[in-house]
Amino acid sequence: MAKTVLIVDDSASMRQAVGIALRGAGYQVIEGSDGQNALQKLTGQKVHLIISDLNMPHMDGITFVKQVKQLPAYRFTPIIMLTTESQEAKKREGQAAGAKAWVVKPFQPAQLLAAVEKLVLP
């Protein structure tokens, strides 16, 4: 059975690009257009990994990560931040919130897939 990855990004083209890379590697993909929308998508879904943007409307990526980590069913779900932000302070903030990896856009699909394969839940 394919493992499921939730992609959270306000850019439809970015969700599509990430989705193509993941589907090509055999993953099932769920998409959320921002943090609020993604939290709604999590309800009742088995998710093996989350990839989230940092800067999004309605709910930013750090707040989203914090809220996911408060949900018992998703407390241990690994989260990768995929963002244009490369400042160390933001990385530390994301790590403190619960993000396990930080990939800077633009990204190479192989780079993202390596991070996914390293962290995805069994």
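1. Pro106 sits in the loop that runs between strand E5 and helix H5 (109-119), where helices (H or I, at least four residues) and strands (E, at least two) are DSSP runs numbered from the N terminus. The peptide bond leading from Lys105 into Pro106 is cis, and its omega is near -5 degrees.

2. This is a predicted model, in which local features need pLDDT of at least 70 and side-chain atom pairs count only at pLDDT 80 or more, while totals for chains, interfaces and linings use all residues. Residues are numbered from 1 along each chain as its sequence is written, and side-chain values use heavy atoms, with hydrogens and water left out.

3. The open sheet is built from 5 strands in the order E2-E1-E3-E4-E5, with parallel pairing; two strands are taken to pair if DSSP finds at least two bridges between them. At its edges lie strand E2 (28-32) and strand E5 (101-104), each of which pairs on one side only.

4. Strand E4 (residues 79-83) pairs with E5 in the parallel sense over 4 bridges, and within this pairing Met81 has Trp102 of E5 as its bridge partner.

5. His58 is exposed, with a relative accessible area of 63%, on a scale where buried means under 20%, exposed over 50% and partly exposed in between (1.4 Å probe, protein chains only).
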